[in-house]
Amino acid sequence: MSKAWTDRDAMNPRSLWILAALALAGCGDKPPPKAPPGPEFKSAAAEIREVDLTYSAEAVIEAVRQSTVSAQISGRIVDLRFDVGDYVKKGEVIARIDERAAGQAVAASEAQVREADAAARNARLQYERSRQLLAQKFISQAALDKAEADYKQAQARLSAMLAGAGQAATERSFATIVAPYSGVVAARHVELGEMAAPGKPLMTGFDPSTLRAVANVPQAQVAAIQASGRARIEVPSIGRWIDVRQVTVVPSADPRTHTTRVRLELPEDARGVYPGVFARAHFTVGRAPRLLVPREAVFQRSELTGVYVLDDKGAPRLRQIRLGTAGDEGSVEVLAGLKPGERVALEPVKAGMSGAR
């Protein structure tokens with residue numbers, strides 16, 4: 001038996017619920033709207049590869065050929081042709097010192113040479129005449145001996161004057177300072193117009209084609225380093241890895257730290273590297289398989305080291321990991337937190353901004 005619909009029934013909460021259900025049913029079979037697709041990320045898979053096992057040590061870059069050019073005479077500096085950072089070729093003039101005093105010394109020495117030469121010529125003629133007079137019995141043997149001694153004395157004095165003139169000319173040449181080898185000016189110690197004195201530093205330079213890295217390693221690692229003979233240099237300041245030409249173990253140890261110094265010769269085209277730069281030496285001590293991920297996928301936030309792992313739907317999920325020491329400039333070893341084959345986002349900042357959990 002049906003009852004008429006009344007205002008009282010319309011105010012019943014149960015009736016309102018029934019009306020809402022009928023309204024939804026009348027909307028048809030349209031599916032609910034889908035969520036917009038998430039952003040796509042560049043990704044790479046964590047994979048196991050055989051890599052070099054390395055021992056890392058802190059190192060510093062130094063120049064094999066580095067020298068400071070100093071003045072050898074006194075005088076005012078009248079010319080400075082290079083400054084810090086300039087490249088200088090071997091034999092180029094880098095500075096000049098006022099050479100007027102040195103030039104006057106050369107002129108005086110040359111005059112003394114001419115005087116000694118004239119005296120030597122006169123002594124030679126006197127000696128020859130004395131020999132003729134002795135043959136004619138006009139002078140004694142003692143007079144001939146005296147003439148011969150004067151002649152030898154004049155010759156010795158001429159030789160001394162010639163040496164003095166050569167020394168004066170050499171000192172005048174010290175007024176022009178030239179580069180002993182091709183290199184880069186690392187420091188300039190004087191300014192134009194200053195007084196130079198013997199031993200005063202003028203410029204410091206180094207040869208950029210003869211650089212090396214120096215590291216101190218524990219004595220327990222020396223045998224493995226010598227057996228391998230291979231190493232690479234990492235320069236964090238410029239983000240470069242450089243292959244080493246030669247590894248030389250210095251045959252001496254520090255008795256206080258029990259470490260041995262190792263020199264790593266860098267190639268001639270090591271651009272962007274100069275003496276004093278901090279570096280890391282990675283010595284190859286073996287090979288083994290390791291789980292690797294790209295370095296660009298790893299990020300650090302305070303004490304957290306992690307990656308964003310993509311699930312089956314491509315959504316990023318934050319995952320904390322623990323890194324190892326193996327790897328190269330493109331990959332890094334993962335000790336815990338990942339499995340082989342899992343894909344990680346190569347843009348961790350973008351993945352984090354997408355609302356990853």
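Tutor: Gladly. Two strands count as paired if DSSP finds at least two bridges between them. Keep in mind that this is a predicted model.

Student: What is the order of the strands in the open sheet?

Tutor: In general, strands of a sheet pair through backbone hydrogen bonds, either parallel or antiparallel. Here an open sheet of 4 strands runs in the order E7-E6-E4-E9, and the pairing is antiparallel.

Student: Which are the edge strands?

Tutor: Strand E7 (176-178) and strand E9 (195-196) are the edges, as each pairs on one side only. Strand E6 (residues 93-97) is joined to E7 by 3 bridges, and Arg96 stands opposite Thr176 in E7.

Student: Now the rings. How many aromatic pairs are there?

Tutor: A pair of aromatic rings is described by the distance of the centres and the angle of the planes. Ring centres must lie within 6.5 Å to pair, and by this rule there are 2 aromatic pairs. One of them is Tyr127 with Tyr151, stacked at 6.0 Å centre to centre with 10° between the planes. Tyr127 belongs to helix H3 (residues 100-135) and Tyr151 to helix H4 (residues 141-173), so the pair ties together parts 24 residues apart in sequence.

Student: Is Tyr127 buried or exposed?

Tutor: Tyr127 is buried, with a relative accessible area of 16%; Tyr151 is buried too, at 18%. Phe299 and Tyr308 also form a stacked pair, 5.3 Å centre to centre and 15° between the planes, and both residues are buried.

Student: Where does the charged end of Arg65 sit?

Tutor: Over the ring of Tyr181, 4.7 Å from its centre.

Definitions and conventions:
Residues are numbered from 1 along each chain as its sequence is written. This is a predicted model: local features need pLDDT of at least 70, side-chain atom pairs count only at pLDDT 80 or more; totals for chains, interfaces and linings use all residues. Side-chain values use heavy atoms; hydrogens and water are left out. Rings of Phe, Tyr and Trp (its six-membered ring) pair if their centres lie within 6.5 Å; planes under 30 degrees apart count as stacked, over 60 as edge-to-face and the rest as tilted. Helices (H or I, at least four residues) and strands (E, at least two) are DSSP runs, numbered from the N terminus. Buried means under 20% relative accessible area, exposed over 50%, partly exposed in between (1.4 Å probe, protein chains only). A charge sits over a ring if NZ of Lys or CZ of Arg is within 6 Å of the ring centre and within 35 degrees of the ring normal.
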